[in-house]
Amino acid sequence: MKTLDYGIIGNCRTAALISAKGSIDWCCFPDFDSPSVFARILDEEKGGCCKLIVSDDYSISQQYLDNTNILSTLYKREGDCFEVLDFMPRYKTSDHDYYMAPEIYRYIRYIHGAPKFRILYQPAPNYARDPVIHDNTGKYIKSYAKTDENKAIYLYSRFPLTAIQQGEEFTLTQNEYILLSAHQKLIPVNFELTYLEFERTKVYWLNWNNRSKNYTLYNDLITRSMLTLKLLSFQYTGAVLAAVTTSIPETIGEVRNWDYRFCWLRDASMSIETLLETGHKEGAKRFIGFIRRIIKSEYGDFQIMYGIRGEKILTEVILPDLTGFENSRPVRIGNGAYNQKQNDSYGYLMDVIYKYYRFCPGTQDEVEEVWAIVKIIAYTVMQDWRKPDEGIWEIRNRKEHFVFSKVMCWVALNRAYEIAKILNEKKYAERWEKEAALIHQDVMEKGWKEELQSFSQAYDNLEFDSSLLLMEKYGFISAQDIHYQKTVKAVQRALYHKGLMYRYTAHDDFGKPSSAFTICTFWLIRALYVIGEKEEAQKIFNRVITYSNSVGLFSEDLNFDTKTLLGNIPQAYSHLSLINSALLFSQEIPASKFLMP
C-alpha cells in the first residue's frame with residue numbers, strides 16, 4: 001500500500017513532495033495553485049515524476065539538513081555512496097526582496113566509490129491531461145503539454161541530455177546536478193551555480209530558524225513544524241495554505257478528497273497565532289496585509305476561504321483521467337466550500353487581529369485600516385451569530401446551530417471589545433461587550449445538555465464534537481468550570497478511539513467519518529492538560545508524535561488501526577497544533593533581547 005512518506009521542499013512560492021526513495025512525485029509550477037508538472041502521488045502511471053533509479057542493493061535514507069528545508073536523500077551500498085540534496089532556492093536580494101524562482105535543484109553529491117543510477121524524467125504538465133512534447137536543444141530539455149508550449153518545464157544537467165531521455169545508466173565520479181525550472185535560464189547553468197544557490201538557500205533557512213525561540217523539550221519537533229508552516233506561506237500576498245496537495249483521501253477508497261491549496265481564514269489565523277507565539281512577527285504582518293486587501297472597508301459578507309492571491313471564485317472541478325491516491329477517486333481541483341457560511345471563522349480572524357494590535361501594530365494608516373476591518377467583522381457577527389451555518393467541519397448541504405460556531409462568534413466580539421479598549425473606543429467597546437454577553441448566555445442555555453452532562457455539537461442534537469474541546473482555549477469558559485471539565489471527559493469517552501480522536505461520529509452528507517483527524521487528538525491533549533490531567537496528556541502526546549512520517553511531517557488524518565497518514569500533506573492545522581501541544585510541556589530557553597540574530 002502506498003504511504004505518505006514524503007518530504008517537502010519549497011520557497012514560499014511553490015513546493016514539491018519527494019518520496020522516501022527520492023522521487024519528485026508532486027510539484028506545481030510556477031505557483032502553489034498552478035497545474036501540476038509532477039503528480040505521480042495521484043496517478044502512478046501517468047502522473048509524472050523525476051527520480052534516480054538505483055539497484056535493489058542500495059539502502060536509501062532521508063532527512064533534512066538541520067534547521068533548514070533542504071532535503072537529503074542518501075543512497076548507500078557496499079563501496080558506493082552518494083547523496084541528493086533537493087531544494088528550491090530562496091534567499092534575500094535586498095531588505096524586502098527575495099529570490100524564489102519556481103525551480104528545483106537536485107544537487108547530487110558524490111561521496112565515495114562508483115555509484116550507478118539511471119534518471120527517470122517524466123514530467124506531465126497540466127495535471128497530465130495532455131500529450132507531452134520534449135524538445136532536446138542540447139542545452140536543455142524543454143517539456144510542455146501539446147496544447148500549450150508556453151507553459152513548459154526546463155531540465156538542465158551536466159549529464160548528457162539524450163542519455164537522460166533514453167534512461168541510460170550513469171556512473172557518478174564527481175558532484176553533479178539537475179535543475180528543473182519553470183523558465184528558460186538566461187545565465188549559464190553549471191555546477192558552480194548549483195552550489196552557490198545551495199549555500200544561499202541554506203544560509204537563508206539557518207537565519208530564519210535562528211529567529212525562532214528555542215525550548216527545553218521537543219525543540220526538534222517544534223523546529224521542523226515551524227519550518228513546515230513557513231513553507232505553506234505565499235510570499236507575494238501573505239496568504240497561508242492549508243496544505244500543498246489536492247485530493248489525498250481522508251480514507252482510502254472514499255470520496256472525501258479535497259483541494260487544500262487555498263487560504264482558509266481559520267487555518268491561516270491559527271498558523272499566524274503560532275508564528276507569533278514562536279517569535280515570527282513578519283509572517284503575521286504579511287497575513288494582516290492579506291486580510292486588508294480582501295476585506296474592503298464596507299459592510300457585507302466575506303468568505304471563509306480565498307485563493308492565495310485573494311481570489312473569491314474557487315470553482316471545484318473533477319479531473320476524471322487521474323486515478324487518485326491508491327485509486328481513491330475523484331481527484332478535485334478548486335474547492336466548492338468557498339461559498340459556505342462558517343461563522344466560526346470570524347473568531348479566529350479577530351483573535352489574530354487582536355494579537356496584531358498587542359504585539360506588532362503598524363503605521364497609523366495601517367492601524368486605522370485594520371480598525372475599519374474590525375468594525376466590519378463585528379458588524380457581520382452581530383448580524384449572523386443567531387443564524388445556522390455549516391460549521392468548522394464544512395458539512396455540505398446542511399446548516400445547524402453549531403455550538404462551536406456560536407463560541408467563536410463570542411470570541412470575535414470579545415476580541416473586538418478588547419481592541420476597542422486598546423484604542424479607547426468606548427462606545428464600540430460597550431456595544432460589543434453587551435452582545436458578547438448575549439452569545440455567552442445563549443450557548444450556556446442551549447448548548448449544554450443535562451442528559452449528556454456535556455455541551456453538544458449543535459443546539460438541536462445530542463452529538464459530540466471535538467471542537468468543543470477548544471471552548472477553554474479561546475477564553476469562553478474556564479478550565480475550572482465543571483461544565484468544561486465534564487465536556488472534556490464526555491467528548492473523550494465518545495470520540496477517543498485506539499489512541500486517536502474522531503472529529504465527530506455523526507453521519508454527514510458523505511456518511512460516517514472513518515479516520516482520525518490529527519488536530520483533534522492534539523486538542524484533547526491540551527484539554528486534558530488544562531483540567532489537570534497533565535500526565536495522561538503528555539502520555540498521549542508522546543505516542544502521537546511517533547505517528548509522523550520518517551521526516552517528521554503530518555497530514556490531515558490518520559488511520560485508526562495502522563496509524564498511517566491520510567489526507568493532504570503537510571497539513572498546517574496538524575503542525576500548528578503539534579507546536580501548541582509541545583509548548584504545554586516545555587519552556588522557552590531565554591535569549592538576549594539585545595542581540596539581533
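Tutor: What follows describes the interface, after a short note on the model and the chain.

The model is predicted, and local features need pLDDT of at least 70, side-chain atom pairs count only at pLDDT 80 or more, while totals for chains, interfaces and linings use all residues. Residues are numbered from 1 along each chain as its sequence is written, and side-chain values use heavy atoms, with hydrogens and water left out.

The chain has 597 residues and a radius of gyration of 25 Å, which agrees with the value near 25 Å for a compact globule of that length (taken over C-alpha atoms; the globule rule is 2.2 Å times the number of residues to the power 0.38). Its C-alpha trace spans about 75 × 50 × 50 Å along the principal axes. The chain holds 14 helices and 28 strands (DSSP runs, H or I of at least four residues for helices and E of at least two for strands, numbered from the N terminus).

Domain 1 covers 4-206 and domain 2 covers 211-585; these bounds come from an automatic or database domain assignment. Over C-alpha atoms, the two domain centres are 34 Å apart.

At the interface, 38 residues of domain 1 are in contact with 37 residues of domain 2, where contact means heavy atoms within 4.5 Å. The buried area is about 3,300 Å², and carbon and sulfur atoms give 64% of it (accessible area, 1.4 Å probe, that two parts lose on being put together, summed over both). In domain 1, the residues that lose the most area to domain 2 are L4, F32 and L42, together 24% of what that side buries.

The rule finds 2 salt bridges across the interface of domain 1 and domain 2 (a side-chain nitrogen of Lys or Arg within 4 Å of a carboxyl oxygen of Asp or Glu). A salt bridge joins the side chains of D31 and R309, at 3.1 Å from N to O.

On the side of domain 1 that touches domain 2, the elements giving two or more residues include β1 (6-10), β2 (15-19), β3 (24-28) and α3 (191-210). Of the elements on that side, β1 gives the most, with 5 residues. By class, that side of domain 1 has 21 nonpolar, 9 polar and 8 charged residues (Ala, Val, Leu, Ile, Met, Phe, Trp, Tyr, Cys and Pro count as nonpolar, Asp, Glu, Lys and Arg as charged, and the others, Gly among them, as polar).
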